[in-house]
Amino acid sequence: ALLHSGDGRVPAHTRLGAKVAGRTEPLIFETETDIALAGARLAEVKTLWPGKDSFADHSSAVIGSQPFTLFTPLQPIPHELYLAHETLFAIAGFTTLEIRVELSSTGSESFPLVWEFWEGRRWRAFSPFKLKIEARATDSLDGTLGFTRSGIVRLVAECADSKKHIVNGVESFWIRVRSE
């Protein structure tokens, strides 16, 4: 008999039994290799459908011991990158930030991107990007062409007043980039 009361290991070739609905006797099986056991509770249950770029969150159904259907209801996956810095992103007034992006490989398709900073109540967009030919030193410019190559992203904000914000438990000055 194997009792489980927390984290542990089960050695290879251990015989175990599992309860199966509709059977009075347990289903007996033997482990082929060592396995790990975790005494943790589930915090989230989500299903991911990569081909539809979507996910479904079943956490509340699991917590409430309610039945649920996998992949339902689907919602789009947000594509966001968050960057934090205690001083560099504490922007005020007319501000220009330059961020060097080094990609390990080039991309084949440009992404329409929005760069934003937290201003206390909402995310506020930096000035729109200009084409390199038209851009002045005071314009936002995407030297990565939507993350298709390495380059410098120049972000310009007028009348900026960023505030600290908490993202995933980290309080700092934040900027984010997201796909449109």
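Q: Why is tryptophan 115 called buried?
A: Its relative accessible area is 4%, so tryptophan 115 is buried. The cut-offs are under 20% for buried, over 50% for exposed, and partly exposed in between (1.4 Å probe, protein chains only). This is a predicted model, in which local features need pLDDT of at least 70, side-chain atom pairs count only at pLDDT 80 or more, and totals for chains, interfaces and linings use all residues. Residues are numbered from 1 along each chain as its sequence is written, and side-chain values use heavy atoms, with hydrogens and water left out.

Q: How many aromatic pairs are there by the ring rule?
A: Rings of Phe, Tyr and Trp (its six-membered ring) pair if their centres lie within 6.5 Å; planes under 30 degrees apart are stacked, over 60 edge-to-face, the rest tilted. The count is six aromatic pairs.

Q: What makes the pair of tyrosine 82 and tryptophan 174 edge-to-face?
A: The ring centres are 6.2 Å apart and the planes stand at 80 degrees, so the pair is edge-to-face.

Q: Which parts of the chain does the pair of tyrosine 82 and tryptophan 174 link?
A: Tyrosine 82 is in strand 8 (residues 80-84) and tryptophan 174 in strand 15 (residues 170-179), 92 residues apart. Strands (E, at least two residues) and helices (H or I, at least four) are DSSP runs, numbered from the N terminus.

Q: Are tyrosine 82 and tryptophan 174 buried or exposed?
A: Tyrosine 82 has 27% relative accessible area, so this residue is partly exposed. Tryptophan 174 has 8%, so tryptophan 174 is buried.

Q: Why is the pair of tryptophan 115 and phenylalanine 147 edge-to-face?
A: The centres are 6.4 Å apart and the planes at 75 degrees, so the pair is edge-to-face. Tryptophan 115 lies in strand 10 (residues 113-118) and phenylalanine 147 in the loop between strand 12 (141-142) and strand 13 (151-161), so the pair ties together parts 32 residues apart in sequence. Phenylalanine 147 is partly exposed, at 22% relative accessible area. Its phi is near 65 degrees, a positive value in a residue other than glycine.

Q: How do you know that strand 10 and strand 15 pair?
A: Two strands pair if DSSP finds at least two bridges between them. Strand 10 and strand 15 have five bridges, in the antiparallel sense. Tryptophan 115 stands opposite valine 177. Valine 177 is also the bridge partner of leucine 81. Five bridges likewise join strand 8 to strand 15, antiparallel.

Q: Why does glutamate 116 count as buried?
A: Its relative accessibility is 5%, so glutamate 116 is buried. The residue lies in strand 10.

Q: What makes the approach of glutamate 116 to arginine 176 a polar contact?
A: A polar contact is a pair of N or O atoms within 3.5 Å; within protein, one must be able to donate a hydrogen and the other to accept it, and residues adjacent in sequence count only if both atoms are side-chain atoms. The side chains of glutamate 116 and arginine 176 make one at 2.6 Å. Another, of 3.1 Å, joins the side chains of glutamate 116 and arginine 178.

Q: How do you know that the charge of lysine 52 sits over the ring of tryptophan 49?
A: The rule asks for NZ of Lys or CZ of Arg within 6 Å of the ring centre and within 35 degrees of the ring normal. The charged end of lysine 52 sits over the ring, 4.3 Å from its centre.
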